[in-house]
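Hello,

Here is the structure I promised to pass on to you. Have a look at it first, and then read on for what turned up.

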Amino acid sequence: MLTLYRPGDGPWHRLTAGRKSAVLGLIVLGVSVVPASWWGAALTAGVCLACYAVRGAGMGALVRQGIAIRWILAVTLAGQLLFLGAETGVANTVRICAAVVISGLLALTTPVSELLEALERGLSPLARLRVDPQRAALTIAVTLSTLPVLVRLEREVREAQNARGGGRSLRLFAIPFLVVSLKHADALGDALTARGVR
Amino acid sequence: MSYLDLDDVHVRLGDTQVLRNVTCSLDQRTVAVIGENGSGKSTFARLVGGLARAESGAIRILGLDPAQDASRLRRRIAVVFSNPDTQIVMPTVIEDVAFSLRSEKLPREEKAQRVTEALERFGLTAVADHASHDLSGGQKQLLALCGAFVRRPDLVIADEPTAYLDARNARRVADHLFEEGAHRLLLVTHDMTLAQRCDSAVLVHDGTIVAVGPPDATIAAYEERLRC
Ligand SMILES: Nc1ncnc2c1ncn2[C@@H]1O[C@H](COP(=O)(O)OP(=O)(O)O)[C@@H](O)[C@H]1O
Ligand SMILES: [Mg+2]
């Protein structure tokens, strides 16, 4: 689910990270209490479309988000249809899908640096639990921006294995991938320390 | 005046004695660190950069003791590594450069000003809003350098900064490292032409410093060792 930031100047971009989280949180909450019926599903889908039908987001972005979560979508839909029937199944799936995609607007329209500051503020009550809010926020932000590297490492490990005639075994893949990921995390930790992070 | 004084320093990593009896005093503006793979060059660089701890011995970097003034030192030292991917932490170029100034107590406008200047200096202005991980390898390393220099460090430590680059990009990166400025440079490298460009060179062998002096003499000592 790579909902990465895209620069823009639409209404979502202009909201501060804090307000935006609150607004999106309320919308998601609203969507999740809509009754599980055909008209409820239509309403939810409408809200979702409306959220994206503004400058800075757009239908292209909505489609990309949808593609990113297609497997979750498929599995949820199959399970729901099987056990709950068509109406409830479709409505629930639309609801879950809308919740994920609407939350995705936050990452899509907020620069990570801004998200970082908002997270730091949002997590500051955790200080009482001996969690360092700056560190926690940073971990989340860095994880977000390191995803592309992990995706590349994954491809490199696969290619290295294919080049040596390796098959498609998950176990054979998992161990080297874990090793390169941990190595990467270790080096990243060094770089963060060197750049002034405690 | 020397900015790096080590007296009988030992470094142990896990069960391995990686550096032993390291004694040196460096006062030249640019110093190359050369030696075979596994000789301890990176550990030496990490030690000076405050990323590795000494087990024993006395250390003074820029006149400060890293055991006592770690955070003050960190603010004055920048470290550049070989792999740019491990140094880039923010999704866009401009955010990544700005990240380096996060913990500096400066007014917002001044931070923004410094970031703009640094991007300009490293030729990254045109890609400021691009995704950092979509840059070419050469541009990524320039971004890593930019993130290091934007903090205006007194000492720049670079551990094989050109190892992943083609000749042209290696040259650009080296030119920035050697640029006239307030900073001193400690450069770990296997590229002898880069070592030649330094004012002085240190040879590390088997965990200890075996030669310090003008680059020509140190390189000759290195080649001598490689022959036997
Ligand atoms: N974290 C570590 N734990 C144990 N041994 C290490 C560690 N890091 C490096 N070493 C060992 O220390 C020696 C020097 O490593 P390094 O400083 O990376 O050398 P160089 O940069 O000159 O190639 C090597 O033999 C290496 O295997
Ligand atoms: Mg090394």
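Let me begin with one residue of chain B: B:Arg72 has a relative accessibility of 47%, so this residue counts as partly exposed. Please keep in mind that the model is predicted. The partner of B:Arg72 is B:Asp69, and the two form a salt bridge in which the closest N and O atoms are 3.7 Å apart. B:Asp69 is partly exposed too, at 21%; the cut-off for buried is under 20%.

Salt bridges

Over all chains, the search of the whole structure gives 13 salt bridges. Another of them joins B:Arg12 to B:Glu55, with 3.2 Å from N to O. B:Arg12 belongs to strand S1 (residues 4-13) of chain B, while B:Glu55 sits in the loop between H1 and strand S4 (56-61), so this pair ties together parts that are 43 residues apart in sequence. B:Arg12 is partly exposed at 39% relative accessibility, and B:Glu55 is partly exposed at 45%.

A further salt bridge links B:Arg197 with B:Asp175, whose closest N and O atoms are 2.9 Å apart. Here helix H7 (residues 192-197) of chain B is tied to helix H6 (residues 167-178) of chain B, because B:Arg197 lies in the former and B:Asp175 in the latter. Both residues are partly exposed, B:Arg197 at 37% and B:Asp175 at 33%.

The largest pocket has a volume of about 1,100 Å³. It is lined by 31 residues, and those closest to its centre include B:Ala98, B:Leu101 and B:Lys111. Helices of chain A and chain B contribute to this lining, among them H7 (112-123) and H8 (133-163) of chain A and H4 (108-121) of chain B. Sorted by class, the lining holds 15 charged, 10 nonpolar and six polar residues.

The second largest pocket comes to about 650 Å³. Of its 21 lining residues, A:Lys183, A:Ala187, B:Asn83, B:Thr86 and B:Tyr164 are the closest to the centre. Helix H9 of chain A gives the largest share of this lining, six residues. By class there are nine charged, seven nonpolar and five polar residues.

Chain A as a whole

Chain A has nine helices and zero strands. Its C-alpha atoms fill a box of roughly 50 × 45 × 35 Å along the principal axes. Of its 198 residues, 35% count as buried. The accessible surface of chain A is about 11,300 Å², and 68% of that belongs to carbon and sulfur atoms.

Enjoy exploring it!

Best wishes

Methods. Residues numbered from 1 in each chain as written. Chains lettered and ligands numbered in written order. Predicted model: local features only at pLDDT ≥ 70, side-chain atom pairs only at ≥ 80, totals over all residues. Heavy atoms only, no water. 1 Å grid on protein atoms, 1.4 Å probe; cavity = no way out; pocket = protein on both sides within 12 Å on 5 of 7 lines; lining within 4 Å. Points joined across faces, edges and corners; volume = space filled by probe spheres on them. Helix = DSSP H or I, 4+ residues; strand = E, 2+ residues; numbered from the N terminus. Nonpolar A, V, L, I, M, F, W, Y, C, P; charged D, E, K, R; others polar. Buried < 20%, exposed > 50% of the residue type's maximum accessible area, 1.4 Å probe, protein only. Areas by Shrake-Rupley, 256 points an atom, 1.4 Å probe, with all protein chains shown as cover. Salt bridge = Lys/Arg side-chain N within 4 Å of Asp/Glu carboxyl O.
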